[in-house]
Amino acid sequence: MNASQPPDSRWQRAQLLREMGFSPQWRLRQQPAVGRQPSAVLADAARAGLHQQAVEQARPVPGGGSADVPSAARTERAEQIARLGWDELAESVAACRACGLCEQRRQAVLGVGDRGADWLFIGEGPGAEEDARGEPFVGPAGKLLDAMLAAIDLRRGADVYIANAVKCRPPSNRTPEAVEMVACAPYLRRQIELIQPRLIVLLGRAAAHALLGDIGSLASLRGRPLEYREGAGGGVAIPVVVTYHPAYLLRTLPDKAKAWEDLCRARTLMRTAKGAATRPA
Ligand code: SF4
């Protein structure tokens, strides 16, 4: 908490932390030095992890989806998506039938927020309310995410963009399958390229696996220096923080304190990234 903040602001922060379920006695542990540390994630690991796994698992999609398309067609589709602007991207996602999740959706949910944001939060996939309203993270999990954002002085739509690993609702809110995340990955990659965030926060294991590949459990990824490399050729490295999904936190109150640790670490990384950007070369 910033001692220089006016009392009202400190009170609001305390309220928000209470809403998130943080104990007043809880204190952030001493954090290790952070910053742009060497990447613990190699693009090859991502490709050889989830993506390879998904290719091996690819199978016909009931109802005529096309996750089993040959790899040449998959590559061509990914290249086409990589050239889309925002409007075309939204149209493409709305009409997409590249995996079986298109069958039961009411609508695809591209994302919401500031398209030039420094912060990009990525969740798993739309739930029932998101599917109905066309916006990610609404309902109780969305309310908690908003509280988490407010706790680090952020708010939805202001320097924050929120997206999901898959754009269509998995039936019964199940975890998206690897093959579905791979089918949707070109959209997420294009969103990252268009937004060019300074920091990515991955909410939950599925989001982590969608972006980084299957490189470990969520517990093992928390607190690790991770990077996502934007673009083919291993271009710009964007720091990544992995934390719990708000829906999980609603069910598992004790882990909210860990999520708060992750958010504090994310805020420190963002300050470092902004500081590095303004420092003279
Ligand atoms: S989840 Fe993604 S890949 Fe699957 S149909 Fe929806 S937009 Fe297309």
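Of the 281 residues that make up the chain, 47% count as buried, a term that here means under 20% relative accessible area, with exposed meaning over 50% and partly exposed in between (1.4 Å probe, protein chains only). The model is a predicted one, in which local features need pLDDT of at least 70 and side-chain atom pairs count only at pLDDT 80 or more, while totals for chains, interfaces and linings use all residues. Residues are numbered from 1 along each chain as its sequence is written, and side-chain values use heavy atoms, with hydrogens and water left out.

The chain contains 11 helices and six strands, taken as DSSP runs (H or I of at least four residues for helices, E of at least two for strands) and numbered from the N terminus. Among contacts between residues at least 6 apart in sequence, 75% join residues at least 24 apart, where contact means heavy atoms within 4.5 Å.

Strand 3 (residues 160-164) is mostly covered, with five of its five residues buried. V160, I162 and N164 point one way from this strand, whereas Y161 and A163 point the other way, and all are buried. In a regular strand the side chains alternate between the two faces of the sheet. Strand 3 is joined to strand 1 (residues 112-113) by two bridges in an antiparallel arrangement, two strands being counted as paired if DSSP finds at least two bridges between them; in strand 3, Y161 stands opposite G113. With strand 2 (residues 119-123), strand 3 pairs in the parallel sense over five bridges, and A163 of strand 3 is the bridge partner of I122.

The ligand sits in the largest cavity. A cavity is a set of points, on a 1 Å grid over the protein atoms alone, where a 1.4 Å probe fits but cannot get out, and a molecule sits in it if more than half of its atoms lie within 2 Å of its grid points. Surrounding the ligand are R77, C96, A98, C99, L101, C102, R105, K167, C168, A183, C184 and Y187, each with a heavy atom within 4 Å of the ligand. This shell divides into nine nonpolar, no polar and three charged residues, with Ala, Val, Leu, Ile, Met, Phe, Trp, Tyr, Cys and Pro taken as nonpolar, Asp, Glu, Lys and Arg as charged, and the others, Gly among them, as polar.

The largest share of the shell, three residues, comes from helix 7 (residues 178-195). A185 also has its place in helix 7, and this residue counts as buried because its relative accessibility is 8%. A185 and A210 are 25 residues apart in sequence and 7.0 Å apart in space, C-alpha to C-alpha.

Methods
1 Å grid on protein atoms, 1.4 Å probe; cavity = no way out; pocket = protein on both sides within 12 Å on 5 of 7 lines; lining within 4 Å.
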